[in-house]
Amino acid sequence: MKKPKTLQSIFQHYVKWIFLSSLIGVGCGVASTIFLRTLELTTEFREAHSWLLFLLPLGGLIVGGAYHYWGKSVEAGNNLIIDEFHDLKNVVPFRMAPLVLFGTLATHLFGGSAGREGTAVQMGGSIADQFTRIFKMTPEDRRTLLMAGMAGGFGSVFGVPFAGTIFGLEVLAIGKLHLWALVECATAAFTAHYVTQLLGVHHTSYVHPTLEIPNSFVFWASVTFAGVLFGLTAKLFALMTEQIKASFKKIFPYLPIRALIGGAFISLVFFLVPLTTRYAGLGVSIIVDALKAPLPAYDWIGKLTFTAFTLGVGFKGGEVTPLLFIGAALGNALSGFLPIPLPILAVMGFVAVFAGAANTPLACTIMALELFGPQIGIYALVACFVSYAVSGHRGIYHAQRVHKRKNSRIILSLVQIRVSVKRVLADSERRKK
């Protein structure tokens with residue numbers, strides 16, 4: 001039987017972990033700064049030299065060759081970190097950080113459709129796990145390191161330390177929050193975020209919608225229906241990426257050739273249909289536009305297809321920014337059919353497709369609050385949890401464990417939350433009168 005911890009031991013525990021998590025946060029912040037700065041320069045260079053899009057096959061050969069010869073042990077990316085959390089075997093190799101940085105920059109230089117979250121989280125996890133050797137960590141301590149590294153990477157790359165904290169606690173298992181590492185993840189996420197700020201990184205600034213919450217049944221039924229569509233889109237993205245990866249791997253087992261041929265196909269589409277070049281790279285400017293004014297209704301499926309193909313054939317980069325693009329563009333398109341204002345619906349899609357694909361509805365709700373203000377909270381909450389409920393158990397992180405299976409009671413709970421919010425608002429109005 002274990003003796004209860006004394007105040008002294010508790011104090012020593014948190015002093016130790018706040019120190020270690022701060023070091024991890026500094027490492028994540030510096031790594032994210034280097035990554036974001038070089039990614040910005042890379043994107044600007046590609047946009048100034050559009051002919052680089054037609055060298056994407058060369059980019060595939062370079063990225064595929066780098067991972068085939070030096071990165072086989074880290075090719076699984078975020079899934080490797082999640083797997084290590086559940087089944088501790090070997091320390092995540094430090095070379096994961098420079099390899100994924102190089103691979104992502106090469107992907108973006110030649111116009112591959114990819115993101116940045118995966119890169120930051122992989123760098124954060126690999127940096128954090130090096131402390132295992134330095135400080136002779138126990139298995140449980142090593143799990144804490146990995147979570148703190150993921151939180152630091154996510155929080156710093158998007159400028160959302162609260163969401164980064166919850167992401168580190170939520171992403172490892174479906175239906176479970178690992179709250180025992182809350183202080184460690186928060187310390188790493190906030191430290192990393194402030195380090196990037198001190199080093200001069202400026203994150204994308206989004207417009208804050210200022211619309212009042214309607215209370216009609218039709219409106220909330222439409223919000224729920226939109227959440228279902230966002231969840232099904234998240235599921236489609238995960239399945240398409242997985243199927244493309246499996247099919248290409250079967251036909252072209254040699255990764256460099258697989259990425260070269262995949263890159264050649266994307267370049268050919270860019271050449272034949274110049275309009276599709278809007279789906280190259282991150283697409284942040286289009287995300288910003290999607291929150292303000294109508295876009296072509298096909299933008300979401302265009303970005304989904306190009307990203308699934310880019311990542312499926314072996315290029316590197318994250319999935320999250322493309323998922324934000326897909327969700328915002330889908331919400332933008334749905335605003336022509338659903339009785340929900342365009343900015344609200346686009347913001348809902350922005351976070352809800354990601355929530356369904358990553359199985360992180362709480363982190364995504366908090367991300368919406370950080371990026372768009374508290375007035376968006378109830379919409380994001382409903383959209384994210386409905387998307388999560390219908391997106392299935394296999395998302396972009398197939399190494400996630402299922403702690404508690406999803407079921408329809410999630411949607412029922414959201415209806416009850418909405419009723420409670422409505423009552424609170426009504427009581428508030430009565431008191432004002």
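I begin with the lining of the second largest pocket, which by class has nine nonpolar, ten polar and six charged residues. Here Ala, Val, Leu, Ile, Met, Phe, Trp, Tyr, Cys and Pro count as nonpolar, Asp, Glu, Lys and Arg as charged, and the others, Gly among them, as polar. This is a predicted model, in which local features need pLDDT of at least 70 and side-chain atom pairs pLDDT 80 or more, while totals for chains, interfaces and linings use all residues. Residues are numbered from 1 along each chain as its sequence is written, and side-chain values use heavy atoms, without hydrogens and water.

The volume of this second pocket is about 640 Å³. A pocket is an open set of points on a 1 Å grid over the protein atoms alone, where a 1.4 Å probe fits, with protein on both sides within 12 Å along at least five of seven lines; lining residues have an atom within 4 Å of a point. Of its 25 lining residues, Glu-40, Thr-43, Arg-116, Leu-282 and Val-284 are the closest to the centre. Helix H1 (7-48) gives the largest share, seven residues.

The largest pocket has a volume of about 740 Å³. Among the residues closest to its centre are Glu-75 and Lys-245. Helix H10 supplies the largest share of this lining, seven residues.

Which handedness has the crossing of H10 and H13? The crossing is right-handed. Lys-245 of H10 is one of the residues that make this contact, defined as heavy atoms within 4.5 Å.

Note on methods: Left-handed = near helix turned anticlockwise from the far one by under 90°. Helix = DSSP H or I, 4+ residues; strand = E, 2+ residues; numbered from the N terminus. Points joined across faces, edges and corners; volume = space filled by probe spheres on them.
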